[in-house]
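Work through the following exercises with the sequence and the model open beside you. Try each task before you read its solution.

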Amino acid sequence: MQTAAAAVVPLLALAGGWLWLSRGPPGPHAASAPRTPARSSLSLGAAVAVALVLSAALAAGWVWLRRRNLGSLDVSTSSVAYNHDAFGRVFTWDKHRFYVHGRPVVLVSGEFHYWRLPDRSRWENVLAQYKASGLNAVRIYFHWGFHSPAEGVYHFDGNRDIEYLLGLCEKLHLFVLAAPGPYICAETQGGGIPQWVVAKRNVRIRHSSATMFRTYDPEFSALSAQWLNAILPIFVRHQITTNPRGCILALQIENESFELFKSIPLGLSDDMRHLAKTARDAGISVPLFTNDGWEEGSFVARDDSQLVLGKPTFGIDLYGFDKYVVFCPTSAPLATIGGGAKDTSTWPEWSPADVTSALDRTEATVRQFGGGAAASPIFIPELQGGWFNHYTVPHTFDDVYSFYGEPYTRMILDSVVAQGSTAFSFYMFYGGTNWGTIGDPDVYTSYDYSACIREFGHLSGRGRQLRLAAAFVRSFSDLVSATEAECNSLRCSSLQINASLGGYLAARRRTTGLELVDFVFLRNFSPSKAATANITVTRPNREPVMLKSRLPYKHSFIALGNYTAPNGLRLMLATMPVHLRVRPSPETEVWIVQTDDVISGQLAFYGSVDVHGSLSPNTRREDDVTIISFQGHRGWAKIVPAGAADAKPLIVVALSGRDLYTMQPVFEDEYWRGHHANLESLGSASVGLPLAVLWGAYTARLDVAERKLHLEREQGDNAVYAISVDALGTLAGFGKVPDTDAYSGADVITRLALGEPTAASAVAAASLPVASQLADVGARLVDFESMPWMPLQMKPNSTTAPAADAIDFGFTSGHVLYRISFNVERVPIAGLRLDINLRHRGTLYLNHFLLGGHITYSLGIFRPGSKNGPDVDIGAWQGYALPASLLRRGANQIVVVVESLGLNRQPFSLNDVRSPRGVIGAKISRVGGASALMSVFGINKPKALADREAATHEAILAEVDAAAKSASAESSDATRPAAKAAEPLAATGPEMERLASSVRWEIAGVDVRTLDCAFTHTGIPGEPDVADDGAFAPTSDADSELNPATGIHVFRAAPNGSAAPVWFRASFDLSPELQDAPVRAPLRLHMTGTGTAHVSINGVLIAKFYGNGDSPQKDFYVPEGLVRQRGNMLRLLVYGDGEKAHLLPTGRDWVGVEFRFWRINGTAGSLAQSSGNLDEAGPAFVLQQTTISV
C-alpha cells in the first residue's frame, strides 16, 4: 500500500541537493559594488570547481551505497529460482500470461484481509462475493503481529486459522497470492511487524538505520525467519505444486522494498536473498514474486553472470509492481507537504491526465527493465481499488467514494489491460474494519476503503461495473491474455480506427495467435466531456465505415474487433460493449451486450447478414459491411449470414438497468474441475468461458459443484434468468420465459419465477427498532488510584522528559496512563502552568478534576504527530492552566490519559515505526500570561482566547478561577481540593526549585505481549471482560438514560470532582422481527454526542468514537458474526475533554448510542449508481436469503 509521504521525503532531498548544485554563481544583485571581469571569472571558475567536486563526491557516494546494498550473502538468483523442470507442467508463464496445467489464465484478483474481519463466520460469505463479482483469485496479506503477540508465540486458531482460510479458498475455487511479508504495510500498526519486535531497540526494523538508509541487520532477518518458519509450513500444504487441490499460486517476498527509490539505492539484496532462501528451505516450491512500490525495476531476475558495479545482482522469479493512480486530495503528495485539503467543497475532480501519465506507458516502462520483467506477464499485485481516509478530516469514506465515482475501478482495469497486463489484484476489493487497535495512525475504525464491496457488505455500483469488465476479460481470456500493442509488418492490421472526439480512444491491441483479433480500448477522456462520438474505420481502397458510439465522460470499455463467431460471422468492430460471450453449445455463441441510454453503439459485420428479434434491429449497408443498431434496450436478436436460415445463430442478448448490473457469470477454471464429481463431468466444455450467466436478483450465485443457487433479493427481485451450457443439463426450476417478457423467443434463456421477497420487504418497510432497548445498564469508574503504577525514570540531566516511552513498556494497544505527582508549598494566586508534549490524544485530570484534552496529529510530514514520516516536536507542546482553586498545599497529582492511534507503519523509505508514543515531555511552571491558558471547565482553547482581544489577563484568570470554584463546590467532600490560601509565587527561586525536584512520574498500561492478541484491548488496566458484571453498579438517569423521542441511549462522562473515564455495560437482543428471519440485515451503531467512547460488542472492540471531531466516523458497522439473536453484551469506555461540556444542560460530555439499519441511496432500477453511501432517508439495506437446489 502506497503513501504519498514516503515519496515526498526523497524527492525533497533530491530537489534540495540539485538546487544547491545548480545554483551557479551569485546573481547580479548579490553585492552592491560592481565586479571586475577578473573577479567574476574567478568566482565562476571556483563555483564550477566546487560543483564538480560535489558532483564527484555524490557520484562516488552513490556508487559506494549501490555496491553496499547489492550485498554479499551466498544466495544466487538461480539457487532460489522456480523449478520449471519439476513444476512447469503445473504452473508456468511466458511474457504474456500465466498457465495452470497448460491452460492460459488471466488473474483477476482482489485483496482480502481476514484479520480485518473479526467474525470468522463471515469470511466465506465475503470470499463468495469476490467470486460472484468475477474474480478468480485473492491476494492475502498475512499479518505477523496478528499471529504473534510475543516472541516465540504463534497462534493459528480461531480467527487466525490460516488452514481454515486456505481451505475456504479451495472450496470456493479461488487462487491465492500469498503475501506473508514479513512487512505488509496495509495501514496496520507497524506495517504488520509485531510490537515485541518494535520494542527491541537494537533491532533495525526493515533494516532501516534512518529514513532513506538501510543497513543489513542479521537479527531482524533471524526474527523474520522465525515468522516465516511458523507460517510457511501451512502454505506448503496448500500450494498447487505439491497439492493437486491446492490454491496458492505464488508467494510474495517482502513488500514494496525498492532496490532503487527514485534512483537512490535503498533496498538490500541480502534482505531479499535471506527471505527467498528461507522460503525455499521451508518447502515453498511455487514461484516467488515481488511488488515494487511502482515501476522501478527492483529485484528483477537476471542471469547469475550479470554484474552491476562488479557485483552480482539478485532477483525474484516474477516481477510485480503496484499502481495507485489517483490520490484522494487529503493524501496527494502536495497535500502531504501542506497538511491535506480537508474541505470537500474545494476538491477538484480527478484529472484524466493523472491516469494517462500513470498508466499509459506502463508496458514500455516495465519491458525496458529487461531480464524477468521482459519475459513474464505484466503483473500488478496491488492495483488501486479505492482509497483510505484519515483522522481529523470532516469527510467520510462516502465522500472518498463519491470523489472517485462509479466507473473509476472499471476504467483502471480497462487501462491496465490496454497495457498488456493479464494479472492484477485490486487493493482493496473489500476493506473491512479496523476493529480493536489493529489500524495505524492513517486510518480510523472503518477500513471501508471506498472499495467495490462496502464495509457492510453491499456490492456497490463500482463493483458491479467492474464485474462487467472482469466478465469480458475472463470470457475472452484466451485472446485477451496474449496481445501486442505494436504490430509488425506481418501482423499489422490494415484498419485505421479513429474517433471524432480527442481522448476517446486509449489504445489498440491485437492477439498474437492466428485469430488476429483486435481489442480497441475506448476511454472517454475528451476535454469536451461529450458522450457521443463517431468511430471511423478506414480500409485501403474502400470507403470509410462510420459507427456511432455513446460513452459518458470518464467511462470505458474494451471494444471487440476482427472477431469470427462459431457460425462464421466476422465482426469488423463493435462500438457497443460486448460484456461477455457464452457458448451454450459448441456451435452457438451468445453475446451479452449493452445498448441503452447510458452506453450504446453499433455492430459492424463483414458481408450481408440477417437479423431479427425483440430488440427491433435496424440494418444498413456501407460497401461490404452490414451495420446493426438496436432500438430496444432489453431483449435479444439472432444474427446469421444472409440466406443461411438454417445456420446456428450468433445470439445477442441486451441487458439494461437492474438486469445488467445483477448479471453474474459463473466461471470455473479447468484446474478446479477435477475437485468435484459434478465438475469432472463437464470435461473441457466451455474452458475459459462461463458455464452459465444469471441475472435478475441482487445476488444469484450458482454453485455448480453442489447444484445450489444462493439468492439474495431486494424488493422487486421476483425472477432470475439464466443462460447455461448444455453440459450442465437443465437447471431445476428454470423454465420457459413468458410470452410477455422481452426475453421471450430466445430459447437459450430460461427463467425461475420466485415471487416477491416478502420477508426482506417486511423487515425493510417496518418502522421498528433493530434491537431491544438496552437493559441491565451498569457503570463503574476507572479508578486511577488502583492502577498498577510503575516509576518512570527521566532522561539523564532532565526532569521533564521520560527515558522510555509507551513502546518500551509494550503499552501500544489504545491507552496508556501517566501520573505526575508534585508538592506545592504555597498555592500561587495565578495558579501554575503545565506544558505537555504527547502522542496522540491526551486527556488531563488535576486532583480528580478534568482539565481538558487535545490531539497531536498531522496529515503532513515533518509535523508533530505526523501520520507518516518524520515526527517533529516543533509546535507539539500544549499549555494548560492549573488553577489556584484546584491546587492543594502539599501533594498534587496530574493524571494524563493518552490514547495512541497506533504505531506508524514504516512504509517505503521511511523509518517511523518508533515515532514516540505517550507523553514525551511535561513541565510545570509559573503562569506567564493569557497565552498559557487552555481548556479548563469549558474555557476555550488558545485560539478562542486570542480572539477575545478585549479580555485582560486578569479577567481571564478570574473566569478560569470562577469556573473551577463552581465545579469544586458541586463536587463531593472526598474529591474537593483542600482549603488553601492563594499567595504570590516567584517565577524562579527556591520554592519553584523544590517544586520541580518534587515531581515524580509514573506510568500504567497493559503490556500487549501478555495478551492473546495484541490488538484487542483498550489499554486501560482493569478493563472488564464479557463476564465481569460484579463490579458494575446500576446507573442513575444522570449517568445513563434512554431518550424515548429519538431511541438514542445516552451515556454521560463522569462529573467533575470524580472525573475519570467510566465503563458502562448493557445487554440487548435483536428485535423479534429479525430473530430467525431469512434475511441479511447488517446493522450499524449510530453514535452522537461530544464525548469519546470505545465500544465493544460481545468482547470485540468495534468502534472508536470521537465526538469532538478527531475522527469523522459516526456510524460503525456491527460485524454480523459477532451479534447473537439474544443476550448480547455492549460495553463502553466513555470520557470527555470538557471543551463543550459547559454548553450542555448537565455540564458533562456524553455519547449517544442507537442500533440502526444501514440506509443507503436508492437501489431501485439500475444498480450502476448504487454507491452504498449512507442516506438516512433511503431504503434499509435488507436482503432476503434463499438457497435452492437446481
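**Exercise 1.** Which residue in β39 does tryptophan 695 stand opposite?

Solution. The model is a predicted one, in which local features need pLDDT of at least 70 and side-chain atom pairs count only at pLDDT 80 or more, while totals for chains, interfaces and linings use all residues. Residues are numbered from 1 along each chain as its sequence is written, and side-chain values use heavy atoms, with hydrogens and water left out.

Begin with the strands, which are DSSP runs of E with at least two residues, just as helices are runs of H or I with at least four, both numbered from the N terminus. Strand β36 (residues 692-695) and strand β39 (residues 719-724) pair in the antiparallel sense over 4 bridges, where pairing requires that DSSP finds at least two bridges between two strands. Within this pair, tryptophan 695 stands opposite tyrosine 721.

Next, turn to strand β35 (residues 664-666), which is joined to β36 by 3 bridges and runs antiparallel to it; here valine 666 has alanine 692 as its bridge partner.

**Exercise 2.** Describe how helix α6 and helix α8 pack.

Solution. Two packed helices are described by the angle between their axes and the distance between the axes. Helix α6 (residues 162-172) and helix α8 (residues 218-236) pack at about 30°, with their axes 10 Å apart; the axes are lines fitted to C-alpha atoms, for helices over the stretch in contact, and angles run from 0 to 180 degrees between N-to-C directions. The angle therefore makes α6 roughly parallel to α8 (under 35 degrees; over 145 is roughly antiparallel, 65 to 115 roughly perpendicular and the rest oblique).

The contact, meaning heavy atoms within 4.5 Å, is made by Ile162, Glu163 and Leu166 of α6 together with Ile231, Ile234 and Phe235 of α8.

**Exercise 3.** Is tryptophan 877 buried, partly exposed or exposed?

Solution. First locate tryptophan 877, which lies in the loop between β47 (849-855) and β48 (878-882). Because its relative accessibility is 38%, tryptophan 877 counts as partly exposed. Leaving aside residues up to four places away in sequence, tryptophan 877 touches Asp835, Ile836, Asn837, Gly921, Ala922 and Lys923.

Methods. Buried < 20%, exposed > 50% of the residue type's maximum accessible area, 1.4 Å probe, protein only.
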